[in-house]
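Please have a look at the sequence and the structure first.

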Amino acid sequence: MNTNDFDFELPEELIAQTPLEQRDSSKLLIIDHKAKTMVDSHFDHIIDQLNPGDALVMNNTRVLPARLHGEKPDTHGHVELLLLKNIQGDDWEVLAKPAKRLKVGSSISFGDGRLTATVIKELEHGGRIVSFSYQGIFLEVLESLGEMPLPPYIHEKLDDSERYQTVYAKENGSAAAPTAGLHFTQALLQKIQEKGVHLVYLTLHVGLGTFRPVSVDNVDEHEMHSEFYQLSEEAADTLRQVKKAGGRVVAVGTTSIRTLETIGNKFNGDIQADSGWTNIFIKPGYRFTVVDAFSTNFHLPKSTLVMLVSAFAGREFVLEAYKHAINEHYRFFSFGDAMFVK
């Protein structure tokens, strides 16, 4: 497969820059890949696509205010760090700008010295491993000094940082939001639960690799980034019971899909409590072991996310759905509209 097989022309004005006032008022394109049908709807009607006994699986990761602005004490030069993942203790992998000035041993100060970082290892493409020093609790210091790391295609300032968090965000650790979940409100989730649908939560901490386009021509040569995931015993029990009773596992977003399929592959189709790192690359030809249907946003051209959706619903049909969404002026990417794929 060639990366260009997943390309499409997207007018820039369709890239949503701000979230809608009401989370669940976005559009929803319902696509049935078996019947090859598409129906235009609104997100609050997703409840009509869920049956009593189904499980709706959501990623409860919470985005860290992971963008830090500081300076080198010796030169007073501005430095920006973007936290990617916690290595151990106070050591973090970060993306640094300007990286070329940050050699091993370099020091960076944030908030008049309330937080300092020392470079302990240089990585490729602007990556660094740094060790932080601070007084108090790291997450509290980060909350006071850090900014929300919005994706590079969003140029507008976000007035309310909670709009880049799902209403069920709980576990700190992501560099980006699991955006398919941004459409849900507490009221809509309550209605879904009252219908007899099981609400199940897992955790996958989203890395910035999710935004990176595939840079190789041959899809098979692409190396996926690794992300940490966790599924509890309680959640695994519920999902096993749902499957046994003939219900569907409906994933919210590609992060939930990747977690569920990682576990399904690891345990030969069974669903068990598990945690670890996954770099699963779901592309056409992949056979799904756990997920029966899902909701997701509209993704970047030539991205691994478009490839994942194509693996489930077929490349030609997915690109046809994207063309329909563009013609109908759906909003794209993180703050955009959604599709329900069954």
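Predicted model: local features only at pLDDT ≥ 70, side-chain atom pairs only at ≥ 80, totals over all residues.

Residues are numbered from 1 along each chain as its sequence is written, and side-chain values use heavy atoms, with hydrogens and water left out.

Let me begin with the domains, whose bounds come from an automatic or database domain assignment. For the protein chain this assignment gives domain 1 (3-63 + 160-341) and domain 2 (67-147), and their C-alpha centres lie 32 Å apart. Five residues of domain 1 are in contact with six residues of domain 2, where contact means heavy atoms within 4.5 Å.

How much area is buried between the two domains? Buried area is the accessible area, taken with a 1.4 Å probe, that two parts lose on being put together, summed over both. Between domain 1 and domain 2 it is about 500 Å², and carbon and sulfur atoms give 63% of that. On the domain 1 side, N172, L208 and W277 lose the most area to domain 2, together 57% of what that side buries.

Now to the open spaces, for which we use a 1 Å grid over the protein atoms alone: a cavity is a set of points where a 1.4 Å probe fits but cannot get out, a pocket is an open set with protein on both sides within 12 Å along at least five of seven lines, and lining residues have an atom within 4 Å of a point. Grid points are joined across faces, edges and corners, and a volume is the space filled by probe spheres set on the points.

The second largest pocket has a volume of about 580 Å³, and of the 20 residues that line it, the closest to its centre are R67, E80, P149, L150 and P151. Two elements, β6 (78-88) and β7 (91-97), each give two or more residues to this lining, and β7 gives the most, with three.

Finally, the structure holds three cavities of 30 Å³ or more, and the second largest cavity contains about 110 Å³ of space. Its lining includes P19, L20, R163 and F335.

Key:
Helix = DSSP H or I, 4+ residues; strand = E, 2+ residues; numbered from the N terminus.
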